[in-house]
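Please look over the sequence and the model below before reading on.

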Amino acid sequence: MAVNRDDVRAIIEAIGGAENVNAATHCVTRLRLALEDESKVDKNKLDSIDLVKGSFAANNQFQIVIGQGTVDEAFKIFEAETGKGGGSKEEVKKAAASKMNPLQRFVKMLGDIFIPILPAIVTAGLLLGLNNILTIEGLFFDESVVQRFPGIEGIASMINFIAVAPFIFLPVLIGWSAMKVFGGNPLLGIALGLLMCHPDLASQYGLFDQEAGQLAEIPTWHVFGLEVQQLNYQGQVLPVLAAAWLLAKVEGFLNKRIHDMFKLLLVAPISLLVVGILTYMLIGPVTLWMSGIISDSIVWLFETAGVLGGAVYGLFYAPLVITGLHHMFLAVDLQLIGTTGATFLWPILAISNIAQGSAAFGAYVIYRRQKKKKEQGLAMTSGISGWLGVTEPAMFGVNLPLKYPFIAAIITTSIVGALFGLNALTAASVGVGGVPGVISITRGFWGLFAIGMAIAIVVPFLLTLLFSRFVKEEAKEMVDVD
């Protein structure tokens, strides 16, 4: 599709002119802009442009949905018309971050650390789900698939090894990504993660001696009269985050004070030695204790008041996406999996995505009645996207502008969250946060999760149509404005 230059000029005018653009770039489908003043954006005028399929603001970035392929040509014209562009996503993020408060910057930091490693985590979650399908008894036959077809037992074992590796060596992934964010050498972050997962350290998953019925004896180092436990931090989040932050600071301190001639010989070895010893002696034990408190608190909430915990998390998860605060919960999910082997939170996230997609399908019916063809296309594609785990187009492009589809989705998610909390439903891993997410659910809960999915597919759709009857005049006004 050829891009009309006048449409791009209209976009520039609608966002407050070229002078309101601080930095600009684009991704696969969207223009991503850091604006000087988002209040200057004429949202109604912007959304009325044929080229624009939706727009939303998130994390101090203003994003305009154009479409795959088309966005490339649109950005070239945008860059030529404004003289702004050619910047990387990091430069746009940096410009946006300058306007954030401390809490927003902290959450952004967590997002910058965990989002790059998400493909590995999601892949591992999907493969764990595949392993469940192959090994669970009674799913297809009385015995498991592997028992029915013993020739694939070796393949199933290989799948399991591949799937659990990213979770076992999670500190390596986090160490690499965290050092990039904290401004250190990512290779040192990998080395830090490896020393925390050394196979000779005592695995926390094997500390309980089944035969003796008690905790196994943990080997220790003796350092100046102190006993330091030789613990493995596989699957842990908080210990490696704290250690990576300190490692980046120590490396930066030494880089400023050691002559270039000796940096290669001194900076990395000293940094890793100092932080490694401190991690074993202090950082690891303290942060592991803190991680236990966080995990135990969430487990206690869902075991004693699961209905309340699930309902509240389901109600507020999607609003947290609007603010960007949802990124912090990925760290919590991974910490819960690393500490307890499962998470209560992620299944509710998956339901939230499905509900937002279903609400967008309800909006499609409403737009069809109103004969708004562009909005129909956006609602249909974003609904499918929501069901597959990518919810922002549905939320920001369809549900929030209409308001009542968004309300329908969060009400439904809260109800399903309460149902899940009541039954202490968990996921054994983090997977795709939509319909495919069922394979990441802990064994024994697949049927309940399927019921939750059915509710999330049907109820938001029906509620959206019902609510539309009470806001008919507002919908009419929207048509007139557009």
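The crossing of α15 and α16 is left-handed, meaning that the near helix is turned anticlockwise from the far one by less than a right angle. This is a predicted model, in which local features need pLDDT of at least 70 and side-chain atom pairs count only at pLDDT 80 or more, while totals for chains, interfaces and linings use all residues. Residues are numbered from 1 along each chain as its sequence is written, and side-chain values use heavy atoms, with hydrogens and water left out.

The two axes, which are lines fitted to C-alpha atoms over the stretch in contact, with angles from 0 to 180 degrees between N-to-C directions, come within 7 Å and cross at roughly 160°. That makes α15 roughly antiparallel to α16, a term for angles over 145 degrees. Contact means heavy atoms within 4.5 Å, and the residues that make it include the following.

| Helix | Residues | Among its contact residues |
|---|---|---|
| α15 | 346-370 | Asn 353, Phe 361, Tyr 364 |
| α16 | 373-387 | Glu 375, Met 380, Trp 387 |

In the protein there are 20 helices and 8 strands, counted as DSSP runs (helices H or I, at least four residues; strands E, at least two). Buried residues, those under 20% relative accessible area with a 1.4 Å probe and protein chains only, make up 48% of the 482 residues.

Ser 429 lies in the loop between α18 (404-422) and α19 (446-470), and Ser 429 is buried, with a relative accessible area of 1%. Leaving aside residues up to four places away in sequence, Ser 429 touches Gly 125, Leu 128, Phe 167, Ile 337, Trp 346 and Ser 440.

Notes. Angles under 35 degrees count as roughly parallel, over 145 as roughly antiparallel, 65 to 115 as roughly perpendicular and the rest as oblique. Buried means under 20% relative accessible area, exposed over 50%, partly exposed in between (1.4 Å probe, protein chains only).
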